[in-house]
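Subject: Structure for your review

Dear colleague,

Please find the structure below, together with its sequence. My notes on it follow, and I would ask you to read them with the structure open.

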2 protein chains.
Amino acid sequence: MRANAVDARMHIRPAMELDARRKTLRLISNGMYVLTSRCGDHYGAATVTWLSQASFKPPLLMAAVRTSSNVFRCMTESRTAAVHILGCDQKEVAQKFFFPTKTVAGEINGEPFIDGATGVPVLQNTPAHIECRLVRVVNDLGDHAIVVLEVIEAECRMPVRPLTVAESPWEYGG
Amino acid sequence: MRANAVDARMHIRPAMELDARRKTLRLISNGMYVLTSRCGDHYGAATVTWLSQASFKPPLLMAAVRTSSNVFRCMTESRTAAVHILGCDQKEVAQKFFFPTKTVAGEINGEPFIDGATGVPVLQNTPAHIECRLVRVVNDLGDHAIVVLEVIEAECRMPVRPLTVAESPWEYGG
């Protein structure tokens, strides 16, 4: 069960020369989000960066998620997930979800949550979140599955400058 | 042929109150890219923002693209496309590709290009680009098609801070 384990590529920037492809792909701009899901008593939560909107009508998101993760297993079973926006001062929250999911009384990886409208765990310390229904999984092309999520509920509790990979100590891409 | 026409939602930020969903979805962080393709004598080029990496091995990108655009038509025919990274000082290049594609002797929408290794138009004034092979189109879910692109060639000609939607005068999302 090394699901959600720290990924070797989610690390402090190395001083070494990066090859052309890695250097170029790391110029793609991404935010940092916490993705959560639940199926029955099983919880999954992971920091993800490869995520974007994909449609206005209906409102869709697309994300690339490791298939070995708890969050992927939970969302493919329950067909629901929540995307949490992190504020630019919440690097330590992002970091908590590099590690395997541990749930104890009302907390996932030390972060308090409640059940959202769709039953997904909604983290309480993030400024905004989006509850979603899983509508498609593309899992035959690469080392991550592409999941397409339809937006069901969205809440922005406070105005915020979102945390981006570029402003974080980490990189994920290449 | 209103392909690539200026989209009503790619506009200067309005002062009006945004609803909760729009406000939340606009907290998703995106870069700004120019996507180009060509099938025979037909060229397509458009500024896109809904784009992310989707796999390390093989290296894949995913992008959400309007199906009415010339670039979508060209890439589904030729199965090739190029993603161009824009520098943070290249808003005027992004803006050129809000408009329908016009190609004259060596220029698309006023920007010089050459043929890349895969035959796609490679813009000469952008700091980095990625030539890709189209490997999947998901076109039955929303008002954009999700295209999955395999990275064939990547070149970074100069170090650059990439242009992001957050730092631009525009928004695209909600």
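How many salt bridges are there between chain B and chain A? The count is two. Please keep in mind throughout that this is a predicted model.

**The salt bridges between the chains**

In one salt bridge, the side chain of Asp140(A) meets that of Arg136(B), with 2.7 Å from N to O. Polar contacts were counted as well: 16 residue pairs are in polar contact between chain B and chain A, both residues having pLDDT 80 or more. Several elements of chain B each supply at least two residues of the side that touches chain A, namely helix H1 (20–25), strand E4 (51–55), strand E5 (60–65), strand E11 (128–138) and strand E12 (145–156). Sorted by class, that side of chain B has 31 nonpolar, 13 polar and nine charged residues.

**The contact as a whole**

Chain B brings 53 residues to the contact, and chain A brings 53 residues. Between them the two chains bury about 4500 Å², of which 69% is on carbon and sulfur atoms. Within chain B, the residues that lose the most area to chain A are Leu27(B), Phe56(B) and Leu141(B), which together make up 17% of what that side buries.

**How the two copies are arranged**

Chain B is superposed on chain A by a rotation of 180 degrees with 0.0 Å of shift along the axis, and the RMSD is 0.0 Å. The two copies are therefore related as by a two-fold rotation axis. The same surface serves both copies, since 100% of the contact residues of chain B recur in chain A. Which residue of chain B comes closest to the rotation axis? That residue is Asn30(B), whose C-alpha lies at 2.9 Å from the axis.

Thr24(B) is found in helix H1 of chain B. Is Thr24(B) buried or exposed? Thr24(B) has a relative accessible area of 0%, so this residue is buried. Its side chain reaches the backbone oxygen of Ala20(B) at 2.7 Å. Leaving aside neighbours within four places in sequence, Thr24(B) is in contact with residues of chain A, including Ile85(A), His129(A), Ala154(A) and Cys156(A).

Arg26(B) lies in the loop between H1 and strand E2 (33–39) of chain B. Its relative accessible area is 16%, so Arg26(B) also counts as buried. The side chain of Arg26(B) makes a polar contact of 2.4 Å with the side chain of Glu171(B). Arg26(B) and Gln95(B) are 69 residues apart along the chain, and their C-alpha atoms are separated by 19 Å.

**Helix H2 of chain A**

Helix H2 of chain A covers residues 70–78, and its buried residues are Asn70(A), Val71(A), Phe72(A), Cys74(A) and Met75(A). These buried residues pack against strands of chain A, among them E2 (33–39), E3 (42–48), E5 (60–65) and E6 (80–85). After H2(A) comes Arg79(A), which has a positive phi, near 65 degrees.

**Salt bridges within the chains**

Over all chains, the count comes to 14 salt bridges. One of them joins Glu150(A) and Arg133(A), whose closest N and O atoms are 2.6 Å apart. Glu150(A) is in strand E12 of chain A and Arg133(A) in strand E11 of chain A, so this pair ties together parts that are 17 residues apart in sequence. With a relative accessible area of 18%, Glu150(A) is buried, whereas Arg133(A), at 40%, is partly exposed.

In chain B, the side chains of Asp115(B) and Arg38(B) meet in a salt bridge of 2.9 Å, N to O. This pair links distant parts of the chain, 77 residues apart: Asp115(B) is in strand E9 (residues 111–115) and Arg38(B) in strand E2 of chain B. Asp115(B) is partly exposed at 46% relative accessibility, and Arg38(B) is partly exposed with a relative accessible area of 24%.

A further salt bridge is formed by the side chains of Glu155(B) and Arg157(B), at 3.8 Å from N to O. Glu155(B) is partly exposed, with a relative accessible area of 37%, and Arg157(B) is partly exposed, with 34%.

Yours sincerely

Notes: Residues numbered from 1 in each chain as written. Chains lettered and ligands numbered in written order. Predicted model: local features only at pLDDT ≥ 70, side-chain atom pairs only at ≥ 80, totals over all residues. Heavy atoms only, no water. Least-squares fit on C-alpha atoms with pLDDT ≥ 70 in both. Contact = heavy atoms within 4.5 Å. Buried < 20%, exposed > 50% of the residue type's maximum accessible area, 1.4 Å probe, protein only. Helix = DSSP H or I, 4+ residues; strand = E, 2+ residues; numbered from the N terminus. Buried area = accessible area lost by both parts, 1.4 Å probe. Salt bridge = Lys/Arg side-chain N within 4 Å of Asp/Glu carboxyl O. Polar contact = N/O pair within 3.5 Å; in protein donor to acceptor, adjacent residues only side chain to side chain. Nonpolar A, V, L, I, M, F, W, Y, C, P; charged D, E, K, R; others polar.
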